[in-house]
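This report describes one protein model for a reader who is new to structural analysis. Please view the sequence and the structure first, and then read the sections below.

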Amino acid sequence: MTLYSVYEPPSEAQDLEDRADSLVFVKEGFSWPALLVPGFWLLYRRMWLELVLFLGLFLVLAYVFGPSDAGQTVFGWLSLALVVLFAFEANDLRRAALE
């Protein structure tokens, strides 16, 4: 069974339809779109700070592991692990941004 958290903006809506349109449903658990296209997922959700931090983390990792073959291999596996971790935590980040 899929669970959702429902978020409503703090401002009072004019009528019932506007209030219903302003509700945001956030699914609990793993996010497949965040796994497949994490940068675009952050852009679509308008999570600008998280996008900058996400890209900055990958730039720092690329710099730390350097251009060597061994460094690129470690960077690739570490990047894959971070994207999978991000997919598990993406909806939690969105929930925190909405609060």
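## The largest pocket

On a 1 Å grid over the protein atoms alone, a pocket is an open set of points where a 1.4 Å probe fits, with protein on both sides within 12 Å along at least five of seven lines, while a cavity is a set from which the probe cannot get out; lining residues have an atom within 4 Å of a point. The model is predicted, so local features need pLDDT of at least 70 and side-chain atom pairs count only at pLDDT 80 or more, whereas totals for chains, interfaces and linings use all residues. Residues are numbered from 1 along each chain as its sequence is written, and side-chain values use heavy atoms, with hydrogens and water left out.

The largest pocket has a volume of about 210 Å³, where grid points are joined across faces, edges and corners and the volume is the space filled by probe spheres set on the points. Its lining consists of Leu-42, Glu-50, Leu-53, Phe-54, Leu-57, Leu-82, Leu-85, Phe-86, Glu-89 and Leu-93. By class, eight of these lining residues are nonpolar, none is polar and two are charged (nonpolar: Ala, Val, Leu, Ile, Met, Phe, Trp, Tyr, Cys and Pro; charged: Asp, Glu, Lys and Arg; polar: the others, Gly among them). Helix H4 (48-65) and helix H5 (69-98) each supply at least two lining residues, and H5 gives the most, with five. Helices are DSSP runs of H or I with at least four residues, strands are runs of E with at least two, and both are numbered from the N terminus.

## The nonpolar core

A nonpolar core is a set of buried Ala, Val, Leu, Ile, Met, Phe, Trp, Tyr and Cys residues joined through side-chain atoms within 4.5 Å. Buried means under 20% relative accessible area, exposed over 50%, and partly exposed in between (1.4 Å probe, protein chains only). The largest nonpolar core has 12 residues in all, among them Ala-34, Trp-41, Leu-51, Phe-58, Leu-61 and Phe-86. Helix H3 (38-44), H4 and H5 each supply at least two residues of this core.

Contact means heavy atoms within 4.5 Å. Beyond its neighbours within four places in sequence, Leu-61 is in contact with Phe-75, Leu-78 and Leu-82. Leu-82 lies in helix H5 and is partly exposed, with a relative accessible area of 23%. Under the same exclusion of residues up to four places away, Leu-82 touches Leu-57, Phe-58 and Leu-61.

## Aromatic pairs

Rings of Phe, Tyr and Trp (its six-membered ring) pair if their centres lie within 6.5 Å; planes under 30 degrees apart count as stacked, over 60 as edge-to-face and the rest as tilted. The structure holds five aromatic pairs. In one of them, Phe-30 and Trp-32 are edge-to-face, at 4.9 Å centre to centre and 75 degrees between the planes. Trp-32 is exposed, with a relative accessible area of 55%.

Trp-41 and Phe-86 are edge-to-face because their planes stand at 80 degrees, with ring centres 5.9 Å apart. Since Trp-41 lies in helix H3 and Phe-86 in helix H5, this pair ties together parts that are 45 residues apart in sequence. Both Trp-41 and Phe-86 are buried. Ring pairs link Trp-41, Phe-54, Phe-58 and Phe-86 into a cluster.

## A loop residue

Arg-46 lies in the loop between H3 and H4. Phi of Arg-46 is near 55 degrees, a positive value in a residue other than glycine. Arg-46 is exposed, with a relative accessible area of 64%.
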